[in-house]
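Here's a quick, friendly tour for anyone meeting this structure for the very first time. Have a look at it below, then read on.

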Amino acid sequence: MTQKYLIPLTAVFLLFLVAYTGAGAGLGWFFGIVVPYLAVLAFLVGFVVKVMGWTASAVPFRIPTTCGQQKSLPWIKQNPIDNPDTSSGVFVRMLLEIFAFRSLFRNTKAAFNRNASNRIIYSWEIFLWVAALAFHYAFLVVVLRHFRFFTAPVPGAVQFLEALDGIVQVGLPGLFLSGVVLPAAALFLLARRLFDAKVKYMSRASDYFPLFLILGIAATGISMRYFTKVDVTGIKEMTMGLVTFSPVIPDGIGGLFYGHLFLVSILFAYFPASKLMHLGGVFLSPTRNMANNTRARRHINPWNYDVPIHTYEEYEDHFRDKMIEAGLPVDKKE
Amino acid sequence: MADEITPDELLDKIDYGTPSGDWMDTTKSVQIRPGMYCYAAKAESVETLGLPNARPWNPVEDDWKLPDDWQQILHEGIKERLERFRTFKIFMDVCVRCGACADKCHFFLGTGDPKNMPVLRSELLRSVYRNDFTTAGKILQKIPGGQRLGGNRPLTLDALKEMWYYFFQCTECRRCSVFCPYGIDTAEITIMARELFNLIGLNIDWIATPVSNCYQTGNHLGIQPHAFKDMLEFFVEDIEDITGVDCTPNFQKKGADILFITPSGDVFADPGTYTCQGYLILFQYLKEKYGLDVTWSTYASEGGNFGFFTSHETMKRLNAKMYAEAKRLGVKWILGGECGHMWRVIHQYMDTMNGPADFLEVPVNPITGTRFDNAASTKMVHITEFTADLIKHGKLELDKSRNANRIMTFHDSCNPARGMGLLDEPRYVINNVCDNFYEMPPNTIRENTFCCGSGAGLNAGENMELRMAGALPRATALKFVHEKFGVNTLGTICAIDRAALSTLCEYWVPDVEVAGIHELVGNALILPGEKERTEDLRMEPLPGCEEEE
């Protein structure tokens, strides 16, 4: 099923070419102004609609997945993070889940060998966790660094982050670590999809497309910074124009930048309709964000409705004679 | 079916390698294979509760006798559940197919069938969701090749049959959910899928008939009130033979302190029966020593709830009896026996569904004074919490040496482990009634525990190949401690386990026996006025008494 990854790969190339050539053909205003505005709008509206859609659904039962000892008797040591019974415990659990991917950290790999012992061997599988964490944090740093293009003066925090990101002080312009880590981690995640038979089998085009898109964004961005040397002053004039709602299209911004910007726009617009919404979903997942205290505090189901049950009276009516004969107590003797 | 496939043949089949190509192309070729599926629900069992489309049907026949508008029913059913369950909606939307869950499922590990990877099991339904319920899916439908590219598909009869086959190969154990970075719980998706199947009459008989029995007669096995009493009295006779003490229980006693509810499986089949005798001994001890009055009920004579494997509504209908009977009898609170899914239902659902239990008191152990604040609202306490508390306070006189022949390990049942977190209470009890306890490897216990392979209503006879394949990860871990430490007894706090693990042991690790924790308690507990015991509850000689045989 090569088309599962070839079509997304081709799509990303074509999208880049469309913007690259389009901007050259005098459509700079379209790719530099119209598309970014529409993309951000689609992102914001789409994200809000999706999250509102989730929150509109009820949470009828409190069903956390418990991953440690419950709180029960006072002398039994509870695991307050993996099996929290208070909201502060849940807060820590969610913090670790969101910022440290705690569940993924547990990952193991199973191997079965058909031999005398026929054992299934589980080994700790940390690479997915490392790559996922590296990918997400590098991405975050890249996004935050880009605030340089949307603020004047550039806030100290952004400058500090840049300094930190460029701490290795290699090359000129200085190498950003995130510029290495992000594509490397993305390539690892891609390689997993292509070469791990199980992951390949479960992967869809919609799993490859965002990876290619992000790799395309990274490639064009890195290329502009280190190799082709675009007109940064012109670009900043344009990006400032976008955030101040007085858009301008300065001359001399290369097609490469429009390609970069277009791929970013596509990512924004695509985000809410895709699996990338795990960004929002992770906060709302009821198996993680609820306290395991259902027996201590009643949870209310907003749509709880009455159901027909087989009452004791019906039961006794059915079995009365047999019950009396067996010496079982009954409510009505006759 | 276990007679047909040997352990070696089963092991030969395992291959974690994955076929090339697209799983969606294989939907048409899915064969509902004997040994891997359970028989269809009998019409009369479906009728008892007035559930839809009761009729005789057979999964291996082409015509499933579905209503004409089955697609419409399922479409409406999915829509309704997306609104009612945030879990369902989020789990349909956010999976990134990272594969962390893939090799966490005992059915995948035992069969190597890629559709038993939790992610693909869910994708079976998710692909339909994407097609019919998302904007992107609706747009892609209109583009040639778009559906394929998006991994979306319409709800065809083939897709339905594939879903049915694989959602009845999930035991709702939640192990995958532990590893999912978004907490996606395949159990929840399976619960939804089975609810949907029930809308068009596609339950399996091993669930539908117990549900029908439980509703009408009070328990899954359909034991009628007089027979239920007889069976317990039969145990009483056995116990009297062994201990010389009469442990006759109360039935439906109004004004008793505590109502005790346990799965009917323990009244019916070995080795659960020994656990049941353990309860009787414990209650007799507490009555004699401390005047605690416990009653059983033939009306609420089922702790388990196969309604949970049918639909939320059916679960509620069966569960309602517990509170109803506690109210009628006027007890202070409820004590629950050793059972797996029963405790998930009690812990995470009961109070919400059928509460508030404002006619009961916050459970207090009158003997120790311990207030069970963790059960302050639901007002139901797990027997190992109760017994652990008694032991901790030195209220039980125990003779560990009577279990000296038991070299124990403990199987955490899925639901108490991952739907509750009841991990150390049973271990505490075991360590106080028995000297030899060894844990299985850490990846296979506590929250990482492996299912017995027969939970969630799949403990039938006709799907034995599936069950034994699903049992493999548990069995290999057990075999490891059996060989390394000489473990000969697998302790458990689940009635389905007591049945299923016995079959597992017979098939995979023949020298290991299965025992409920309260069987060991029953052996160790020194009853006031008992004669010198020479036999354990299985009527086998106690350690040191062998020569007297």
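**A strand covered on both faces**

Strand 2 (residues 258–261) of chain B is covered on both faces: I258(B) and F260(B) on one side, and L259(B) and I261(B) on the other, are all buried. Here "buried" means that 20 or more other C-beta atoms lie within 10 Å of a residue's own, while 12 or fewer makes it exposed and anything in between partly exposed, with C-beta atoms placed from the backbone. In a regular strand the side chains alternate between the two faces of the sheet.

A word on the ground rules: this is a predicted model, where local features need pLDDT of at least 70 and side-chain atom pairs count only at pLDDT 80 or more, though totals for chains, interfaces and linings use all residues. Residues are numbered from 1 along each chain as its sequence is written, and chains are lettered from A and ligands numbered from 1 in the order in which they are written.

**Strands and their partners in chain B**

- Helices (H or I, at least four residues) and strands (E, at least two) are DSSP runs, numbered from the N terminus, and two strands pair if DSSP finds at least two bridges between them.
- Strand 2 of chain B runs parallel to strand 3 (residues 294–296) of chain B, with two bridges joining them; I258(B) sits opposite V294(B) there.
- Strand 2 of chain B also runs parallel to strand 4 (residues 333–336) of chain B, this time with four bridges, and F260(B) has L335(B) as its bridge partner.
- Elsewhere in chain B, four strands make an open sheet in the order 7-6-8-9, with parallel pairing.
- Strand 7 (436–437) and strand 9 (513–516) of chain B are the edge strands, each pairing on one side only.
- Four bridges link strand 8 (residues 489–492) of chain B to strand 9 of chain B, and T489(B) stands opposite E513(B).

**Two domains in chain B**

- Chain B is split into domain 1 (7–30 + 52–202) and domain 2 (211–548), with bounds that come from an automatic or database domain assignment.
- The centres of domain 1 and domain 2 of chain B, taken over C-alpha atoms, are 34 Å apart.
- Their contact takes 19 residues from domain 1 of chain B and 24 residues from domain 2 of chain B; two residues are in contact if their C-beta atoms, placed from the backbone, lie within 7 Å.
- Helix 5 of chain B gives the largest share of the domain 1 side, five residues.

**Helix 11 of chain B**

- Helix 11 of chain B is largely enclosed by the rest of the structure, because 13 of its 14 residues are buried.
- Just after helix 11 of chain B, G201(B) takes a positive phi of about 75°.

**Where the chains meet**

- 96 residues of chain B are in contact with 83 residues of chain A.
- Helix 16 (residues 312–329) of chain B brings the largest share of the chain B side, seven residues.

**Helix 10 of chain A**

- Which residues of helix 10 of chain A are buried? They are F257(A), Y258(A), G259(A), H260(A), L261(A), F262(A), L263(A), V264(A), S265(A), I266(A) and F268(A).
- Their cover includes helix 1 (3–56), helix 8 (205–228) and helix 9 (232–243) of chain A.
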